[in-house]
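The sequence and the coordinates may be consulted alongside the text.

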Amino acid sequence: MSPLAKLVEAALFASARPLTVEELVTLDPQAGAAAVRAALVELRNAFATGDHGVELIEIAQGWQFLTQREYAEAIDRAQFALRPRRLSPAALETLAIIAYRQPVGRSEVDEIRGVDSGAVIDKLAERGLVEVVTRGEGLGRPLLYGTTPQFLEILGLKDLDELPRLEELSVALRPPAPAEPE
Amino acid sequence: MTALPPTAQDQAGFVVELEQFSGPLDLLLHLIREDEVDITDLPIAKIADQFLAVINELRLNQAADYLEMAARLLRIKAQMLLPRHVGDDEWEDPRAELVRRVLEYQQIRELVEWLGAAAARRAEQFGRGFSPEPPTVPPAPLVIDLNDLLAAAERVIALIPEPVLHRVVPRPLDVEGATARIEALLAERAALGWGDVVGERPTIVDVLSAFIALLELAKRGALRVHQEGPFAPIQIRRESPREAR
């Protein structure tokens with residue numbers, strides 16, 4: 001492996017969160033973004049050989065080492081790490097609306113869901129999945145929310161473009177199929 | 001303080017979020033799917049009845065969001081019953097707005113499935129330095145001493161603003177007194193000015209009493225009131241009393 005790839009590997013190992021290319025460039029300003037990107041690809045390939053328990057993943061607009069899926073059960077059982085708590089349907093509904101309508105105010109979320117969503121939004125903000133991005137026009141200049149990099153991280157997404165496009169969703173009402181292939 | 005027994009609490013408790021349905025739209029969508037009806041041609045009467053039955057059964061009929069939807073459904077049901085002309089272009093389907101919302105909500109539900117699946121898949125991998133979220137600890141039992149409680153109550157009471165009261169007191173007009181004074185003045189002089197009638201520094205009651213007395217005397221024909229123009233001085237002149245009374 002190239003010296004730069006090893007430097008990037010060390011930095012990613014040391015970090016508890018995904019690091020972006022811009023952040024990695026600061027390791028060696030002379031290298032430049034293109035070289036860092038090449039190093040990341042080199043590193044990913046090196047770990048993709050099947051000889052490792054971790055892999056390099058592009059996530060939340062950055063890069064991160066994650067354990068291979070096949071070891072999740074064992075690690076979970078041994079309680080070396082715990083799986084994150086699952087989000088409730090109400091939380092997922094609210095996240096979906098905020099992700100697609102951002103920046104969006106609370107009243108719009110309430111209207112689409114048909115229920116008061118203030119408490120759910122507060123909880124999502126507390127978990128760092130959404131944040132106030134701006135204030136809207138109009139009465140009281142309402143707080144407008146958007147999603148955070150943390151949101152991409154818990155979903156394993158590179159960026160928001162990886163969310164399904166609304167046109168791809170079937171809007172036609174489907175009768176409840178016994179086993180819906182998703 | 002003693003806690004309510006759990007059964008009473010269950011009955012008195014306000015339903016905020018139910019495991020089964022995440023809101024009235026979710027329940028509505030569930031009913032539509034169960035009946036396998038065409039969402040764009042919603043059998044509103046049937047759906048409204050089912051909706052009411054379910055919220056009664058699940059004791060959701062205390063939750064405002066569900067009640068609001070129930071009211072909406074009943075209103076649409078009523079609007080559908082109104083007679084309309086055949087081929088009336090002006091007629092707007094009262095269900096349109098609801099159908100739009102249900103379709104929109106259905107889209108959200110599809111996204112929820114997608115997001116849930118993505119999150120579940122992501123949860124199969126662990127990153128470095130993963131720290132689990134802190135467990136939610138129930139709040140510590142409330143310890144409070146009587147003095148603190150009383151002091152707090154006093155603070156709250158002190159914050160209550162003194163209500164602003166307008167006292168309405170009867171201030172009877174003294175029309176009779178004013179009438180007597182004017183008559184006495186007219187007995188001495190044939191003509192008076194407004195200032196002579198009300199006297200110096202009149203109160204509002206004096207002015208009103210004098211004015212009513214003047215009008216009354218003028219009506220009786222005891223005097224004549226004359227004013228050149230608006231805001232001009234008022235002149236009062238004695239009139240020989242008429243006999244016909």
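Where in chain B is the place of Arg189(B)? In this predicted model, Arg189(B) lies in the loop that joins helix 7 (175-188) to strand 1 (191-193) of chain B. Arg189(B) counts as exposed because 11 C-beta neighbours are found inside 10 Å, and a residue is classed as exposed if that number is 12 or fewer. Along the chain, Arg189(B) and Arg237(B) are 48 residues apart, yet a separation of 8.7 Å is computed between their C-alpha atoms.

The view may now be widened to chain B. Its secondary structure consists of nine helices and three strands, and their order along the sequence is α-α-α-α-α-α-α-β-α-α-β-β. Chain B comprises 245 residues, of which 20% count as buried. Among the contacts in chain B with a separation of 6 or more, 57% are made by residues 24 or more positions apart.

Chain B also touches chain A. To this contact chain A gives 40 residues and chain B gives 39 residues. On the side of chain A, two or more residues come from each of strand 2 (62-67), helix 4 (72-78), helix 5 (89-101), helix 6 (106-113) and helix 8 (149-155) of chain A. Helix 5 of chain A provides the largest share of that side, namely seven residues. By residue type, the side of chain A that touches chain B holds 28 nonpolar, five polar and seven charged residues.

Note on methods: Residues are numbered from 1 along each chain as its sequence is written. Chains are lettered from A and ligands numbered from 1 in the order in which they are written. This is a predicted model: local features need pLDDT of at least 70, side-chain atom pairs count only at pLDDT 80 or more; totals for chains, interfaces and linings use all residues. Two residues are in contact if their C-beta atoms, placed from the backbone, lie within 7 Å. Helices (H or I, at least four residues) and strands (E, at least two) are DSSP runs, numbered from the N terminus. Ala, Val, Leu, Ile, Met, Phe, Trp, Tyr, Cys and Pro count as nonpolar, Asp, Glu, Lys and Arg as charged, and the others, Gly among them, as polar.
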